[in-house]
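This report covers a sheet, the helices packed on it and a group of aromatic rings. The structure is shown first.

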Amino acid sequence: MTTTDSAQTTQVFRIYVKAAPERVWEAITDPEWNARYGYAAPQFFELRPGGRFHSEASEGMRKASAEMGWPCPDVIVDGEVLESDPPHRLVQTWRMLMDPTTAAEPMTTLTWTITPSQGGSKLTLTHDVTGAPATAAMVSGALDEDAGQGGGGWSWVLSDLKSLLETGSTLAG
């Protein structure tokens, strides 16, 4: 879901997952888990204020970049952990480095909030994309016609996370 009057500044996505908050937290922060859904790029967190966050390119990303004639950096997303309260809240900065347009934009801020909900957890992801219009378009899913190739945005990533936690497999199989 994108807020109606501020699509370029704040985007809020919410899912309900049939999994305990601890499992959702682990799926977000553990590279062995987070490399299994979404764009299959492992993400690494130093879970303390000031800690490093980064995501590394998967082999599939390297291949796709080569086919498009783009260089693919080893680190495709970077940022910093601002707040870590396992398994309830994670605040981090975030910048996509794989695309030169988004790499030139300022850091954006992600806030992950996990709360118990009947039979599982409610996961809310708020992405403040102030000053980053290319990032806003990308993460909103505006390029959704080819989600598997990078256009699905957070809705697609979170749907894949939900599928993995609830069924053991992702949307791709």
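## Aromatic cluster

Trp94 is buried, its relative accessible area being 6%; buried means under 20%, exposed over 50% and partly exposed in between, with a 1.4 Å probe and protein chains only. Trp154 also counts as buried, at 7% relative accessibility. The ring centres of Trp112 and Trp154 are 5.7 Å apart and the planes are at 85°, so this pair is edge-to-face. Rings of Phe, Tyr and Trp (its six-membered ring) pair if their centres lie within 6.5 Å; planes under 30 degrees apart are stacked, over 60 edge-to-face, and the rest tilted. Trp112 lies in strand β6 and Trp154 in helix α6, 42 residues apart, so the pair links distant parts of the chain. Trp112 counts as buried, at 5% relative accessibility.

Ring pairs join Trp94, Trp112 and Trp154 into a cluster.

## Model and confidence

This is a predicted model, in which local features need pLDDT of at least 70, side-chain atom pairs count only at pLDDT 80 or more, and totals for chains, interfaces and linings use all residues. Residues are numbered from 1 along each chain as its sequence is written, and side-chain values use heavy atoms, leaving out hydrogens and water.

The protein chain has an average pLDDT of 89, and 89% of the residues score at least 70; pLDDT is the predictor's confidence in each residue, from 0 to 100. For residues 1-6 the pLDDT is below 50, and this stretch has 10 contacts in the model beyond near neighbours in sequence (contact: heavy atoms within 4.5 Å). Where pLDDT is low, the predicted coordinates should not be read in detail.

## Sheet and helices

Seven strands form an open sheet in the order β1-β7-β6-β5-β4-β3-β2, with antiparallel pairing. Helices (H or I, at least four residues) and strands (E, at least two) are DSSP runs, numbered from the N terminus; two strands pair if DSSP finds at least two bridges between them. The edge strands, each pairing on one side only, are β1 (10-17) and β2 (43-45).

Strands β6 (residues 108-117) and β7 (residues 120-128) pair in the antiparallel sense over nine bridges. Leu110 has His127 in β7 as its bridge partner.

## Gln92

Gln92 is in strand β5 (residues 89-96) and counts as buried at 1% relative accessibility. Beyond its neighbours within four places in sequence, Gln92 contacts residues including Phe45, Glu80, Leu110 and Trp112.
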